[in-house]
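Please look over the structure first.

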Amino acid sequence: MQMADPRGRTPHRSDAHSNRARILATARQKLRDNPDASLDSIAQAAGVVRRTLYGHFSSRQALVAALTQEAGQALQQAFAAARIPGADPLEAMARMALAVWEVGDQYRMLISLARRHLGEEAIRATLAPAREEATATVRDGQDEGVFADHVPAPVLALALEGLMLALAEENASSTWADPMGEAAATALLIAAGVAPQVAALRVRDVLHEAEGILHEAEGIDGAPSPSRSI
């Protein structure tokens with residue numbers, strides 16, 4: 001008889017969870033480097049046999065769907081971490097844009113892959129919770145007169161989402177790279193109706209604040225932090 005561990009999980013279930021997580025992490029890296037990477041090459045890089053991979057993901061489409069869901073969850077977590085109570089709409093939108101960029105750097109390949117294997121509606125469904133928050137921020141900005149109000153907040157939020165997706169696809173291309181997301185976040189605010197100089201200043205302020213927090217954390221811990229806090 002197979003004994004359960006003290007937390008009530010069997011070794012088999014623990015191994016299965018570990019294999020699934022390793023496959024997803026490997027697929028994210030392999031597909032980022034080569035969107036046409038085969039499932040066989042992903043299985044080999046993850047250190048599992050092909051049957052194990054197919055036990056978790058029955059097809060390439062199923063694997064891309066799982067990665068897309070993972071990206072949506074990561075985006076929601078990034079938004080939660082970037083949320084500052086009392087922040088004005090400009091700061092809130094800048095923080096959201098930078099949070100999108102940080103997540104997008106890990107899942108950039110999913111934009112084209114998800115369109116190809118899942119369709120545009122799947123992408124929209126994945127981004128729906130984040131879009132609701134963005135829409136609320138746009139609406140607040142329109143009410144305060146800092147964002148353009150020539151179109152309704154939901155429409156403008158959707159247009160801004162499309163802009164960020166397009167910029168994420170081009171990031172790290174042969175002609176343009178924006179590692180910190182400063183240019184993309186500035187472009188987003190400008191598209192929302194903010195004056196270019198004001199947009200650039202607000203994004204820079206948020207980035208400088210994040211750098212200050214990071215340096216403070218390094219001074220306390222004595223070692224670099226693995227990620228920045230927006």
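Five helices each supply at least two residues of the lining of the largest cavity: α4, α5, α6, α7 and α8. The model is predicted. Helix α5 gives the most to this lining, with 8 residues. The residue ranges of the contributing helices are as follows.

| Helix supplying at least two lining residues | Residues |
|---|---|
| α4 | 60-82 |
| α5 | 89-107 |
| α6 | 110-117 |
| α7 | 120-143 |
| α8 | 153-170 |

The count comes to 1 cavity of 30 Å³ or more. The largest cavity has a volume of about 520 Å³. It is lined by 29 residues. Closest to its centre are Leu 75, Val 100, Leu 127, Glu 161 and Leu 165. By class, the lining divides into 23 nonpolar, 4 polar and 2 charged residues.

Now to the helix pair. How do α5 and α8 pack? Their axes lie 11 Å apart, at an angle of about 40 degrees. The crossing of the two helices is right-handed.

Which residues meet there? From α5 come Ala 97, Val 100 and Trp 101. From α8 come Met 164, Leu 167 and Ala 168. The residues of this contact divide into 6 nonpolar, no polar and no charged.

Val 100 links both topics. This residue of α5 takes part in the contact with α8, and Val 100 is also among the residues closest to the centre of the largest cavity.

Conventions:
Residues numbered from 1 in each chain as written. Predicted model: local features only at pLDDT ≥ 70, side-chain atom pairs only at ≥ 80, totals over all residues. Heavy atoms only, no water. Axes fitted to C-alpha atoms, helices over the stretch in contact; angles between N-to-C directions. Helix = DSSP H or I, 4+ residues; strand = E, 2+ residues; numbered from the N terminus. Left-handed = near helix turned anticlockwise from the far one by under 90°. Contact = heavy atoms within 4.5 Å. Nonpolar A, V, L, I, M, F, W, Y, C, P; charged D, E, K, R; others polar. 1 Å grid on protein atoms, 1.4 Å probe; cavity = no way out; pocket = protein on both sides within 12 Å on 5 of 7 lines; lining within 4 Å. Points joined across faces, edges and corners; volume = space filled by probe spheres on them.
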